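Subject: Handing over the two-chain model

Hello,

Here is the structure I promised to pass on. Please open it first, then read on.

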Amino acid sequence: MVGKLRRVVVIADDRREAVATLTEQVCDLLRKRSDEVTRISLAAFSPAMTAEERRSYESDEPIRSEEVKESATAVKQADTMIFIHPTPAQGLTAPVKGWIDRVLVPGVAFVLDDKTGRVRPALGHIGTLGLISIDDRTRIQRWVEHHNAKRVIFRALRLVCGIRTRTRAITLTTGDLADQRAVARRLKVISRW
Amino acid sequence: MVTRTTVVQCHPVAESFTAAVTSAVIDAATSASTVPLLIDLYAEGFDPSQPDPVMVDEHRRRLNDTDTLILVYPTWWSAQPALLQGWVDSVWARDRTIRQQFRSIRRIVVCTTHGSPKWLNALEGESGKRTVTRYLRSRCARRCRVHWLALYGMDGMSEDDRRRHLSRIANRIQRFTAR
């Protein structure tokens, strides 16, 4: 029997009503499966890494603030990480990139080997990496500009996870968010993550 | 003809290697025919969450008057730091209906540093490089050229290697701006 899963849901910006509703629906869906859900909203998160954090990055205490500490504790215990990410232009938005820069530091996402100086993965406990993008670009625009958010999460971040970590992605448009049937279809897929 | 060069720097630490790269770039770009202009995002207090509209307009005005754009930043998690990403999102993108363009920019030079080696960055997909070559470039002049002056595997490098990189960058920048 599969035990209770600990899910971390990171939301780039839930100030938009449609995104907040979608986030609530995703969290409710996961809670219904009696999973433990930690919701991390980045609406008030400062994305820019500070000079103090940068200077202590390779020290024993790279985490210097309480908001980062809370996120790091949740990540260390998580079985699944899901990002809900509106894409205003291309690539990751500043809040999500800032969260990755500041929270996934040595000791949380990876370990720096003192002898060889190499990076060793530390997110082997993550079973699934999920990305829910709200992206209004056309298919052609996406093909030309590339889906850089996917590249960072499914390639760079995936490299510090375990060998069996699965990657799952869903893309919605702003129009889809207003369509209950379209949202329900996506939620059905997310329920299998 | 006076060429107009804008240097955009993004690093929180003033005594970092990125700051040394910026100094080398500005020294190399300064000549009788070139006037480099520095935008230091950390020093200017750019806020990526709620960008100051006056600052955004000022940066757009400067970019409209630029022909060589030089970006200096460290690559973290295979992409630009969050502050620079926020700057791109607010200065280079308005909304879906208005496509922000800077047609005067004919050359983009990227001076970035990677802690990990090149093969690992290739495996990670180099999304930062794609942001420049596929997104920023499409908003510049039609034949805009991109020059990628990256230092890979910086974590395992000696001081001599870093100094060599600085002089290599200075030589390349002098060549670009002298044209």
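Below is what was found in it, chain by chain and then at the contact.

**Confidence**

This is a predicted model. Its scores are ipTM 0.91 and pTM 0.92. For chain B, the average pLDDT is 91, and 94% of the residues score at least 70.

**Chain A**

Chain A has eight helices and seven strands. Its radius of gyration is 17 Å. The globule rule gives 16 Å for 193 residues, so chain A is as compact as a globular protein of that length. Along the principal axes, the C-alpha atoms of chain A fill a box of roughly 55 × 45 × 30 Å. Of its 193 residues, 39% count as buried. Take the contacts in chain A between residues at least 6 apart in sequence: 78% of them join residues at least 24 apart.

One helix pair in chain A is worth a look. Helix α1(A) covers residues 17–32, and helix α8(A) covers residues 180–190. Their axes come within 10 Å and cross at roughly 35°. The crossing is right-handed. From α1(A), the contact uses A:L22, A:Q25, A:V26 and A:L29. From α8(A), it uses A:V183, A:L187 and A:I190. Six of these contact residues are nonpolar, one is polar and none is charged.

**Chain B**

Chain B has six helices and five strands. From the N terminus on, the order is β-α-β-α-β-α-β-α-α-β-α. The radius of gyration of chain B is 16 Å. That agrees with a compact globule, because 179 residues would give a value near 16 Å. The C-alpha atoms of chain B fill a box of roughly 45 × 40 × 30 Å, again along the principal axes. Of the 179 residues, 44% count as buried. Among contacts in chain B with a separation of 6 or more, 84% come from residues 24 or more positions apart.

Chain B has a helix pair to look at as well. Helix α1(B), residues 17–29, and helix α6(B), residues 159–178, have axes that come within 8 Å. These axes cross at roughly 35°. The crossing of α1(B) with α6(B) is right-handed. On the α1(B) side, the residues are B:F17, B:A20, B:V21, B:A24, B:V25, B:D27, B:A28 and B:A29. They meet B:R162, B:L166, B:I169, B:A170, B:I173, B:Q174 and B:T177 of α6(B). By class, this contact has eleven nonpolar, two polar and two charged residues.

Next, two residues in a loop. B:W77 lies in the loop between β3 (68–74) and α3 of chain B. B:S78 is placed in the loop between β3 and α3 of chain B too. B:W77 has a positive phi, near 55°, and is not a glycine. B:S78 is not a glycine either, and its phi is positive at about 60°. Are they buried or exposed? B:W77 counts as buried because it has 22 C-beta neighbours inside 10 Å. B:S78 has 25 such neighbours inside 10 Å, so B:S78 counts as buried.

**Where the chains meet**

How many residues does each chain bring to the contact? Chain A brings 31 residues and chain B brings 28 residues. On the chain B side, α3 (82–92), α4 (118–124) and α5 (127–136) each supply at least two residues. The largest share of that side, seven residues, comes from α3(B). By class, the side of chain B that touches chain A has 14 nonpolar, eight polar and six charged residues.

Best wishes

Key: Residues numbered from 1 in each chain as written. Chains lettered and ligands numbered in written order. Predicted model: local features only at pLDDT ≥ 70, side-chain atom pairs only at ≥ 80, totals over all residues. Contact = placed C-beta atoms within 7 Å. Helix = DSSP H or I, 4+ residues; strand = E, 2+ residues; numbered from the N terminus. Nonpolar A, V, L, I, M, F, W, Y, C, P; charged D, E, K, R; others polar. Axes fitted to C-alpha atoms, helices over the stretch in contact; angles between N-to-C directions. Left-handed = near helix turned anticlockwise from the far one by under 90°. Rg over C-alpha atoms; globule rule 2.2 N^0.38 Å. Buried ≥ 20, exposed ≤ 12 C-beta atoms within 10 Å, placed from the backbone. pLDDT = per-residue confidence, 0-100.
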